[in-house]
Amino acid sequence: MAGCLAALGARESGVKVAVLDKGGLLERTGSIAAGVDQILAVADDGEEWDTPDYLLQQIPNLTDGIVDLKSVETFVRGLPGMLRKLEKLGVPFRDPATGKYFRHRTFGLPGAYHIDFDGSKFKPKIARAVVDSAAQVFLRTMAVNLITHQGQAVGASAFQIRTGAFLFLRARAVILATGDTNRLSRNSSGIPFDSWHCPYNTGDAQAMAARRGALLANMEFTENTITPKGISSQGTNALTGLGAHYINAKGERFMFKYDPAGERARRDLLTSAIISETLAGNAPIYCDCRHLPADILSRLEETLGVDRPSLPRWFKEKGIDLTEPFEVTVSEFSSRRGGVYFRGSGILVDANTGTNIAGLYAAGDCCTVSGGISGAAVMGYEAGREAARFARQNGVEKPALDRELEMEKARLFAPCAASGRVSPRAYEDRVREVVTDYIGYRRTEGNLRKAVEELRRLQAEDDDLRATDAHELMRVHEAKNIREVAEMIATAALERRESRGSYAHFRADFPNRDDDNWRKMIVLKKGDGGYEVSYRATGAKSPASENHADTD
Amino acid sequence: MPILINKDLCVKGCTLCDQFCPGDIIYRLDAEKIPEIRYEDECWYCGSCEQYCPTGAVKIVFPPEMLQSQVPAVSLFGKTEEGTSASSMGKTKGQTGVPKA
């Protein structure tokens, strides 16, 4: 989504654009490849809560005080305009029966900001607009490394994942928008690609940016969701949003023990409550819809398959329907945003999506401003326009890169040499073992040190990774990227010696929130011996000023 | 096998399942042969191939691990470090360091 809107923003600014995507059809790639059933929106058409100003005032509290308010302001102020823009592109946000938005309040937000809608055609509409804009689209193409020249981003290396054709793209500006990182930890089916979010999003942007010296932040915060036991699926947020209850093995509705908002609490608090109940011996945990009226139940049944077309049949084969409670647990975790909107875990961006590398921009779930589909759309579009402006004013005109080209080609295809002994699948499995067991949800210094150590030991095997064809070469580069993100998570989690954001970052050895020392972002920069750590103020000065959107 | 293709229903030369798969799993390289499920371990079980097959020839098959998960939930939460308080967690409420409103 962020990449497509970036392409549109850049094309509307009149520059030439190349889009690289690992998928085979732009209409069906990325996080909402299969569809989406709700979107965060500010309509700005009457209600007091439904304005950017109102929402901005709540941001510091919604993010536990760790957020870059300046960049979030770009996101929130762009929401009403983006809603109209997406509608113009043909996305049907209004309920066809009433002509109005079907809105509900969820995830601890201070108003009914989410619109329920049939988003099964969302990505195809946006992708079609990109193709119609005459952007050049390279499909089944994996970008591997960022190319820089005199400290400025001037292109990327890539290859076609079926043919192995090498691409060396020169550009006056580069936008990274590869989404979040998945396949990081174990889940309830034990199948790594059975993931809540798109398993083909593997932190490619985060890793390639890090390797070239970009700054990344908030990497300690990880995210998961409530999911039916056995399938890590999107599409269950609507259950919570439309009033499902969660009960434990004793039949107790327990969410109010953890948050006054009960099931309407923030996502991280919901999943954390389920973890706490499970650890307290109160599992299995069930989702209970028995109290919901028939019209809501039928609406839920209709929308279950929007995010994940296969989900209704999974329910059927499992022999469960919404008239009886069904067992849930938490999914594997992703590196995206730590359960709260507005604060992303990834490439550190400024208010205009720029990074510390000239000519390099980032948007969507790979950067520090993450707000679901709408965040990706607003910030992607902003990145497109900003990158176009930079390209016209400061872009480097085709520097001589022949030597870099040859070196890059050799580096990219090195795993195809016959000497490699390590399978990318085995390598990735080991990352998941380390992340699950030693980062996990009950973090401690000893375990986190072990995680960093093990992940760095695994990196020593990078040169031994083996690829037998172009597809396997993709698996090698993906596995390395997933490991890189895991090392960043472990490093930042080790650094943050407090607990914040519930199980998004819980240190069992520092169980309390410590605003005096840790109300700041942890920033990482890749060095020779691991990641260097620094800090960054958030713009939210103190807890006392949280009710005012202080953007100093 | 996560994806089954009915050869009697599959239309020769159609490549929609290959294209609609958000991964790189289904290969329809030969119009005369049914699509090949080349990387079965990489299926997301999203159902796009099944949903967009124009003749209903594609079916997602959930494996036993997904229909009868035996994975203990606690095993997903990480190991506890010996000699720390982590192993006794979950016994009290409000232990996550998040101030209550």
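Modeller: In chain A, R103(A) stands opposite I115(A) in β4(A), strands being DSSP runs (E, at least two residues; helices are H or I, at least four) numbered from the N terminus. This is a predicted model, in which local features need pLDDT of at least 70, side-chain atom pairs count only at pLDDT 80 or more, and totals for chains, interfaces and linings use all residues. Residues are numbered from 1 along each chain as its sequence is written, while chains are lettered from A and ligands numbered from 1 in the order in which they are written.

Colleague: How many bridges join β3(A) to strand β4 of chain A?

Modeller: Two strands pair if DSSP finds at least two bridges between them; here three bridges join β3(A) to β4 (residues 114–116) of chain A, and the two run antiparallel.

Colleague: What order do the strands of the open sheet have?

Modeller: The order of this three-stranded open sheet is β2-β4-β3 (chain A), with antiparallel pairing, and its edge strands, β2 (38–40) and β3 (102–104) of chain A, each pair on one side only.

Colleague: How many residues of chain A are in contact with chain B?

Modeller: Two residues are in contact if their C-beta atoms, placed from the backbone, lie within 7 Å; by that criterion 63 residues of chain A meet 46 residues of chain B.

Colleague: Which element gives the most to the side of chain A that touches chain B?

Modeller: That is α8(A), with five residues, and among the other elements that each supply at least two residues are α13 (424–439) and α14 (445–459) of chain A.
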